[in-house]
Amino acid sequence: MNQFSRTELLFGAEAMEKLKNSRVAVFGVGGVGGHVVEALARSGVGQLDLIDNDTVSLTNINRQIIALHSTVGKLKVDVAKERCLDINPNIIVNAYRCFYLPETEDQFDFTQYDYVVDAIDTVSGKIALVMNAKKAGTPIICSMGAGNKIDPTRFKVADIYKTSVDPLARVMRQQMKKRGVKKLKVVYSEEEPLTPMASNEELPEGKRSIPGSNAFVPSVVGLIIAGEVIKDLCKKP
């Protein structure tokens, strides 16, 4: 018996060995990405690369699994790494305290990853992640918009060209078509985004408004993504 024995009952010993030998990069460790990291660690993935330069804030507590009063002010990747090691002391966690930007992308060799998870907010960053993953031949899954949504049952896994309604997916469809990307696995919602009410919070740089959020949408998106990663990694060649 071991801590992954219940998972092994579903996937088998060979699959668990694959997970143990897999390396997954998660870009963005917020509402969606934090739940991805948690589920991957609890599923037996042997090595994780976590990329984020944000710190935990008080307003993250409503939805982010790493956000507690005791972690406010700490770097998200450091908090996530500590959780992963508490879940599985044998896991290898590489924490990169930076945002994925043109000036930092050279730090990452996508050929060393077995899977890439895009859980970042910026369109330019998402495009760069997809293009670098495709160039390296590494599978990638992207999160579309999770903000301003309240119905977790409306999220679907689909190819980017089969998405609808989601404004971020619309932009990504156009950008992928321009770049000749034939297919891209994404998680998106067919729920029309709500318009958030006025907020007294200071607007983050580059944001026109502060998106509304809750505990039950980003978590579902993150777990859907993690499930896809695990199932894909466990598939027989």
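**Figure 1. Helix H4 supplies the largest share of the lining of the largest cavity.** That share is four residues. The model is predicted. At least two lining residues come from each of helix H3 (31-43) and helix H4 (76-87). The lining consists of Gly-34, Val-37, Glu-38, Ile-66, Ala-80, Arg-83, Cys-84 and Ile-87. Sorted by class, five of these residues are nonpolar, one is polar and two are charged. With a threshold of 30 Å³ or more, the cavity count is one.

**Figure 2. The largest nonpolar core has 42 residues.** Val-24, Leu-40, Leu-48, Leu-50, Ile-225 and Val-229 touch the most other members. Two or more residues each come from helix H2 (13-20), strand S1 (23-27), H3, strand S2 (47-51), H4, strand S3 (92-96), strand S4 (115-118) and helix H7 (218-234). H7 gives the largest share of this core, seven residues. A second, separate core holds 27 residues, including Ile-51, Phe-108, Leu-129 and Ile-160.

**Figure 3. Close-up of Leu-48 and its contacts.** Leu-48 is among the residues that touch the most other members of the largest nonpolar core. Neighbours within four places in sequence are left aside here. Leu-48 is then in contact with Val-24, Val-37, Leu-40, Ala-41, Cys-84, Ile-91, Ile-92, Val-93 and Asn-94. Two of these partners, Val-37 and Cys-84, are also in the lining of the largest cavity.

**Figure 4. Thr-163 sits in the loop between strand S6 (155-159) and H6.** Thr-163 has a relative accessible area of 8%, so it counts as buried, the cut-off being under 20%. A polar atom of its side chain lies 2.7 Å from the backbone oxygen of Ile-160. The Thr-163 side chain also makes a polar contact of 2.8 Å with the side chain of Arg-173. Beyond four places in sequence, Thr-163 touches Ala-169, Arg-173, Val-186 and Tyr-188.

**Figure 5. Ala-169 lies in helix H6 (residues 167-178).** Is Ala-169 buried or exposed? Its relative accessibility is 0%, so Ala-169 counts as buried. Not counting residues up to four places away in sequence, Ala-169 touches Met-144, Ile-160 and Thr-163. Of these, Ile-160 belongs to the second core, and Thr-163 is the loop residue of the previous view. Glu-82 is 87 residues from Ala-169 in sequence. The C-alpha atoms of Ala-169 and Glu-82 are 33 Å apart in space.

Technical notes: Residues numbered from 1 in each chain as written. Predicted model: local features only at pLDDT ≥ 70, side-chain atom pairs only at ≥ 80, totals over all residues. Heavy atoms only, no water. 1 Å grid on protein atoms, 1.4 Å probe; cavity = no way out; pocket = protein on both sides within 12 Å on 5 of 7 lines; lining within 4 Å. Points joined across faces, edges and corners; volume = space filled by probe spheres on them. Nonpolar A, V, L, I, M, F, W, Y, C, P; charged D, E, K, R; others polar. Buried < 20%, exposed > 50% of the residue type's maximum accessible area, 1.4 Å probe, protein only. Contact = heavy atoms within 4.5 Å. Core = buried A, V, L, I, M, F, W, Y, C linked by side-chain atoms within 4.5 Å. Polar contact = N/O pair within 3.5 Å; in protein donor to acceptor, adjacent residues only side chain to side chain.
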